[in-house]
Amino acid sequence: MDEALKAHKFPTGQRLEVAQGDITAETTDAIVNAANRYLEHGSGVAGAIVRRGGAQIQAESRRWVREHGLVTHIEPAYTRAGNLPCRYVIHAVGPVWGEGNEEATLADTIRGSLRLAEHLNLTSISFPAISTGIYHFPVPLAAQVILATVSSYLADHPSCHLELIRLVLYDHDTWQAFADALEQDDHLNP
């Protein structure tokens, strides 16, 4: 697991960490994949997850789509993690910038992943900066939306099983945007 560079502890004891690193190296119970609705993992975070985790992740993803249909923003899919050090991969579909209603859709994506983690009885989860890569969601805005959504989810679910939520950001500029948003978030700094 990468060193957490910024952290916030909620009154309920749950911890939010913002770290710079490689999400495929995370040892949390699950990592979140920034997926497309077809669960075809060719590039970006999705491609890196399959390259490191193995072909079984793609095979399980295709089976998921055959059995359950395309993945939505609200209802992510999950697979086992193959060769990754985590247990599960939660495949979440974020919004494409310019489609409309992007902030609400990103919030739905984060909430859906947290709900699924709860359903799986997980205690820890790691997220990338969903939609900020090839989907072009502006990083500073994504940071605000993701942090506010995590904060409100934990406030609405005080008995949530999740003890640790990590935001694992690949490059320094993205990490800096999230670290700045963490310091400025009124929900986290009353």
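## The largest pocket

In this predicted model, 29 residues line the largest pocket, and those nearest its centre are Ala 34, Gly 44, Val 45, Ala 46 and Gly 133. The volume of this pocket is about 610 Å³.

Which elements give two or more residues to the lining? They are β3 (30-35), α1 (44-53) and β7 (164-169). The largest share comes from α1, with 4 residues. Sorted by class, the lining of the largest pocket holds 14 nonpolar, 12 polar and 3 charged residues.

## Where α1 meets α2

Helix α1 also packs against a neighbour. Its axis and that of helix α2 (residues 55-68) come within 6 Å and cross at roughly 120 degrees.

On the α1 side, the contact uses Ile 49, Val 50 and Gly 53, which meet Ala 55, Gln 56, Ile 57 and Gln 58 of α2. This contact has 4 nonpolar and 3 polar residues, with no charged ones.

## Where α3 meets α4

Next, look at helix α3 (residues 102-119) and helix α4 (residues 139-156). Their axes are 9 Å apart, and the helices pack at an angle of about 40 degrees. They are therefore oblique to each other, and α3 passes α4 in a right-handed crossing.

From α3, the contact draws on Glu 103, Leu 106, Ala 107, Ile 110, Arg 111, Leu 114, Arg 115 and Glu 118. From α4 come Leu 141, Ala 142, Val 145, Ile 146, Thr 149, Val 150 and Tyr 153. By class, that makes 10 nonpolar, 1 polar and 4 charged residues in the contact of α3 with α4.

## Where α4 meets α5

Helix α4 has another partner to explore. It packs with helix α5 (residues 172-184) at an angle of about 45 degrees, and the two axes lie 9 Å apart. That angle makes α4 oblique to α5. Is the crossing of α4 and α5 right-handed or left-handed? It is right-handed.

In α4, the residues that take part are Val 139, Pro 140, Ala 142, Ala 143, Gln 144, Ile 146 and Leu 147. They meet Thr 174, Ala 177, Phe 178, Ala 181 and Leu 182 in α5. Here the classes are 10 nonpolar and 2 polar, with no charged residues.

Definitions and conventions:
Residues are numbered from 1 along each chain as its sequence is written. This is a predicted model: local features need pLDDT of at least 70, side-chain atom pairs count only at pLDDT 80 or more; totals for chains, interfaces and linings use all residues. Side-chain values use heavy atoms; hydrogens and water are left out. Axes are lines fitted to C-alpha atoms, for helices over the stretch in contact, and angles run from 0 to 180 degrees between N-to-C directions. Angles under 35 degrees count as roughly parallel, over 145 as roughly antiparallel, 65 to 115 as roughly perpendicular and the rest as oblique. A crossing is left-handed if the near helix is turned anticlockwise from the far one by less than a right angle, and right-handed if clockwise. Contact means heavy atoms within 4.5 Å. Ala, Val, Leu, Ile, Met, Phe, Trp, Tyr, Cys and Pro count as nonpolar, Asp, Glu, Lys and Arg as charged, and the others, Gly among them, as polar. On a 1 Å grid over the protein atoms alone, a cavity is a set of points where a 1.4 Å probe fits but cannot get out, and a pocket is an open set with protein on both sides within 12 Å along at least five of seven lines; lining residues have an atom within 4 Å of a point. Grid points are joined across faces, edges and corners, and a volume is the space filled by probe spheres set on the points.
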